[in-house]
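Open the model in your viewer and keep the selection tool at hand. Each stop below says what to select next and what is there.

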Amino acid sequence: MTYFLAPMNGQELRAVIEMPAQKLGVRLEAGLTERILKDVERSPGNLPLLEFALERLWNKQSYGQLTHEGYEEVGGVEKALASYADNVYEKLSEVDRERAERVFIQLVQPGKGTDDTRKVATRADVGANNWDLVRRLADARLVVTGRDETGEETVEVIHEALIRKWGMLRGWMKDSWEFRVWQEKLKVRLAEWVEKDKDEGALLRGLVLVEAEKWHQQRLSELSQEERVFIQLSLGLRDREEERDKKALIAVKTTTIVSIIAVVAVSIGGIFFLWQRNSVIGGQIEALTSKSESLWLLDDQLEAMIASVKANKLLQQPIFVSEEDRDDTITTLRRTVQDIQEYNRLEGHRAGVLSVSFSPDGNIIASASSDNAIRLWSIDGKTSTVLEGHKDGVLSISFSSDSKTLVSSGIDKKVKLWDVRNGQEIATFQGNQRYITRVSFSPKDEIIASTTADNAIKLWSIDGKINRVLAGHEKSISSISFSSDGQILASGSLDKTIKLWDLKNGEKIATLTGHGDSITSVSFSPKDEIIVSASLDKTVKLWNLDGSELKSLAGHDNIVTSVRFSSDGQIIASADDGGIIKLWNLDGEEIKTLQGHNDGINEIAFSPNQQLLVSASDRNILKVWNLQNLSKTPKTLDGHSKPVTDVVFSPKTKTIISASIDGNITFWNFQGEKVNTFIGHNNWINDLSISSDSRFIASASQDKTIKLWTVEGKNILEIKGHTEPVNAVAFSPTEEIIVSGSDDKTIRLWNYDGEELRKIEEHKQPIYGIDISPDGKLIASASKDKTVRIWTVDGKLKTILTGHEDEVWAVKFSPDGQLIASAGKNKNINLWSRSGKLLKTMKGHTGRVWGISFDPKGKILASASDDQTVKLWSLSNYQELQTFRGHDAGVFRLSFSPDGNILASASFDRTVKLWGIDNERLQTLNPDELLSYSCNWLHNYLQYNNKSDRSLCP
């Protein structure tokens with residue numbers, strides 16, 4: 001039941017002001033109470049303002065008296081709040097001050113000819129990664145948090161006086177007023193798009209899109225993920241429509257001729273019918289493909305796959321579809337098949353899901369909810385049983401080792417035992433004075449451990465008797481975990497500690513300290529060698545049993561709520577209240593991020609065979625994730641202090657060599673371990689190249705030099721001659737010649753003694769890319785002047801490739817020398833014949849393409865982009881094969897291993913990632929196989945949780 005409190009009347013407000021003073025013997029200057037009351041009465045929602053004013057006024061008391069002068073010093077009722085806000089703001093770090101601006105401007109509704117007012121913003125509006133700051137601002141009483149009717153977390157300023165009187169916020173709004181007015185209009189358009197089932201007809205167009213593109217470029221970090229996707233999809237639709245219009249103009253003459261001939265052959269009505277049918281189905285295919293892409297960007301993986309399957313099924317009908325549209329439709333499904341992790345979605349609870357557990361036999365998923373119910377689901381997602389008996393929210397559940405019994409605990413202070421086979425309640429344990437936060441069976445089912453809000457752990461026998469109480473924590477216990485032999489119990493508490501207990505005698509073995517905030521989750525590894533913990537401090541920590549900290553895993557932007565080991569102990573999963581799940585190896589390296597929840601995750605659980613992970617959310621939903629393709633997870637090489645600009649493989653020394661803006665060159669073994677690092681240049685390194693005999697490495701630098709190194713890392717030559725930074729360098733495969741390209745607009749050829757052999761001066765702008773054909777006869781150069789130029793090695797211009805519309809950043813010859821690939825600022829990749837004929841333009845990246853690389857067999861082209869992705873393209877049909885995501889910043893360069901099984905990517909996020917390449921699988925999945933694979937993947941979801949599309953895959 002909800003109770004509404006009426007506003008305080010004048011007499012009650014007077015009491016709030018005067019009674020504390022009377023009790024402490026403090027006097028109020030004559031007329032001060034009336035003055036304060038008068039100010040308060042002008043301010044709606046007055047109690048928070050009065051609280052701030054009185055608090056600050058008490059700090060100004062003089063000789064036991066509260067005075068008018070003191071009241072004026074604090075600024076009166078409204079300015080007291082503004083002054084307090086200044087104090088809170090001053091205590092924030094520089095980073096948090098920037099985040100605070102991002103948060104507060106979202107809490108203001110810009111007025112149009114009226115004053116700005118407060119606005120209730122969602123977690124998505126202010127940014128999920130800022131929610132920890134929102135909580136601190138709420139603790140500081142500057143904002144108030146809550147939930148809307150859908151259960152989504154919300155925030156608003158504590159009082160509109162903050163908007164009227166806080167100078168900092170007024171300044172922010174003055175600078176951002178135009179942006180915020182536009183953003184509120186965008187939210188309306190976005191809501192209409194969602195209401196229309198994300199139909200592309202509701203996307204932005206015309207001048208509205210032009211304005212959106214401007215703000216997307218200028219204030220990207222202040223847009224929610226949904227707003228970004230909405231604008232990106234609108235821009236994509238605009239580009240596709242422009243391309244279609246160009247093709248339509250070209251086709252006008254052909255259409256006219258064909259129509260004249262057709263009139264003779266068949267009736268006009270028949271032609272019109274076929275054309276109309278073709279047009280309708282073609283439009284449906286394009287709309288479904290666009291919808292799939294938008295859903296994928298919004299992390300709605302299953303619905304994205306469904307939309308793509310629908311598009312590809314329409315593609316099988318006897319209609320004409322352009323080659324480009326057909327490729328786009330198939331590529332979208334291929335990308336979904338390659339990257340999808342969400343396997344099923346379990347819906348049925350009427351409130352947030354608080355706990356989840358797999359049965360030890362792997363056949364049942366149990367979930368507990370704030371709706372007072374426990375649901376038992378078969379592994380395919382069908383609800384088999386609903387357990388009802390708790391009178392309030394169920395906080396925790398645990399299976400017995402034989403999977404036949406379930407124990408539960410909740411806010412109603414009850415521990416209950418259930419027969420899993422028939423859903424009947426077996427017993428209820430009484431004797432708890434406080435609600436029970438966690439409950440767990442011991443591995444041999446001899447003990448049930450429960451924790452309560454009174455800081456203690458109770459150990460029960462199976463017949464409901466309390467055998468022992470473990471006391472020692474100073475605050476509530478949030479998590480417990482038994483060792484696999486049942487001899488030790490670990491407990492995590494809000495007091496920031498983890499304690500280990502000997503269950504033979506109830507003695508405390510050790511206290512683990514190191515977290516900076518409350519513990520939220522704790523778990524033993526299967527072999528009892530390690531304990532993992534999670535905390536409000538956003539970290540995950542690994543511990544030895546002696547209490548020493550092994551590693552601290554940082555990567556979450558929000559409070560980490562749950563952490564678990566896989567059954568083999570090799571993977572750690574952690575979840576946070578921003579809806580993110582991260583997977584880690586035992587070395588503390590992040591190997592995968594799973595996104596899809598729109599709200600906080602309360603608990604996660606691995607299946608016994610560790611192929612599935614289930615997550616329970618505040619949004620009434622459980623998601624099941626398939627982890628069988630984790631082998632594709634890249635190895636991360638982390639060692640550079642600044643962005644990594646290039647990476648190459650050295651077959652001779654079996655090392656990976658990377659270069660960075662920090663001027664260093666680092667050697668790694670193929671297992672990803674750092675071998676050596678040395679200073680390469682006095683400024684950042686732009687490019688690396690390894691000689692065809694693997695004896696030498698050349699580095700090109702911003703310091704205007706080229707350096708020659710042995711593959712062991714010994715510097716043997718410094719080449720000077722360029723008058724501006726050197727951007728590119730390449731070895732001739734047939735002669736001892738090095739070719740370089742520079743900002744000075746020249747190409748220069750050097751011998752291994754550093755002597756300049758030739759200088760080519762034809763480009764009108766800086767040169768960004770250089771490559772030499774495998775037969776050593778041709779040089780390709782990529783330039784800011786939007787061209788690729790092909791030269792003979794004696795400096796004669798052979799041809800100019802003019803298909804790019806903007807700066808060209810990279811150029812490469814294929815291993816057989818018959819293809820040339822180029823890419824750049826316009827986000828596209830062009831493929832040319834050796835003679836200079838444009839064969840194909842491959843589109844898919846949403847940011848500029850910095851680097852490209854052919855695999856050793858010449859069957860695949862890899863591309864690296866500012867959009868933080870690496871893409872693989874088939875050179876047999878020019879289709880996108882796969883997209884690798886994992887870098888946290890733009891990807892600059894790429895290199896294949898000599899056998900083509902590994903692709904290394906260098907990124908502005910200061911790392912190199914090694915990706916496994918499954919060539920055979922990528923090449924052999926045809927459209928029919930893609931559909932079959934997708935339908936198999938979707939089967940359980942369509943069967944039990946998506947009635948509307950159940951007939952999609954019969």
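A disulfide here is a pair of cysteine sulfur atoms within 2.5 Å. By that criterion, the structure holds one disulfide. This is a predicted model, in which local features need pLDDT of at least 70, side-chain atom pairs count only at pLDDT 80 or more, and totals for chains, interfaces and linings use all residues. Residues are numbered from 1 along each chain as its sequence is written, and side-chain values use heavy atoms, with hydrogens and water left out.

**Stop 1: the disulfide**

Select C935 and C953. Their sulfur atoms are 2.1 Å apart. The torsion about the S-S bond is about -65°, so this disulfide is left-handed. C935 sits in helix α17 (residues 927–944) and C953 in the segment after α17, so the bond ties together parts 18 residues apart in sequence. Helices (H or I, at least four residues) and strands (E, at least two) are DSSP runs, numbered from the N terminus. Now colour by accessibility: buried means under 20% relative accessible area, exposed over 50%, and partly exposed in between (1.4 Å probe, protein chains only). C935 is buried at 16%. C953 is buried too, at 14%.

**Stop 2: strand β58 and its two partners**

Select residues 860–865, strand β58. Six of its six residues are buried, so β58 is largely enclosed by the rest of the structure. I860, A862 and A864 point one way, while L861, S863 and S865 point the other way.

Two strands pair if DSSP finds at least two bridges between them; β57 and β58 have five, in the antiparallel sense. G851 has A864 as its bridge partner in β58. Five residues lie between the strands of this hairpin, and G858 takes a positive phi near 75°.

I860 has S874 as its bridge partner in β59. The β58–β59 hairpin has three residues between its strands, and Q868 in the turn has a positive phi of about 75°.

**Stop 3: the sheet β49 to β52**

Which strands are the edges here? Select the open sheet of four strands, ordered β49-β50-β51-β52 with antiparallel pairing. The edge strands are β49 (767–772) and β52 (797–801), each pairing on one side only. Neighbouring strands are turned by 20° against each other on average, direction ignored. Angles run from 0 to 180 degrees between N-to-C directions, and axes are lines fitted to C-alpha atoms, for helices over the stretch in contact. Look for I779, which stands opposite W791 in β51.

**Stop 4: R748**

Select R748, in strand β47 (residues 747–751). R748 is buried, with 7% relative accessibility. Which side chains does its own side chain reach through polar contacts? H722 is one, at 3.2 Å. E756 is another, at 3.0 Å. A polar contact is a pair of N or O atoms within 3.5 Å; within protein, one must be able to donate a hydrogen and the other to accept it, and residues adjacent in sequence count only if both atoms are side-chain atoms. Now widen to contacts, meaning heavy atoms within 4.5 Å. Leaving out residues up to four places away in sequence, R748 touches residues including G721, I738, V739, S740, R758 and K759.

**Stop 5: helices α14 and α15**

Select residues 301–315 (α14) and 323–339 (α15). These helices pack at about 145°, with axes 9 Å apart. On the α14 side, the contact is made by M305, S308, V309, A311, N312 and L315. On the α15 side, it is made by R326, T329, I330, T332, L333, T336 and V337.

**Stop 6**

β6 pairs with strand β7 (residues 153–157) over five bridges. G146 stands opposite T154 in β7. The buried residues of α8 are W131, D132, L133, V134 and L137. Finish on R141, which follows α8 and has a positive phi near 65°.
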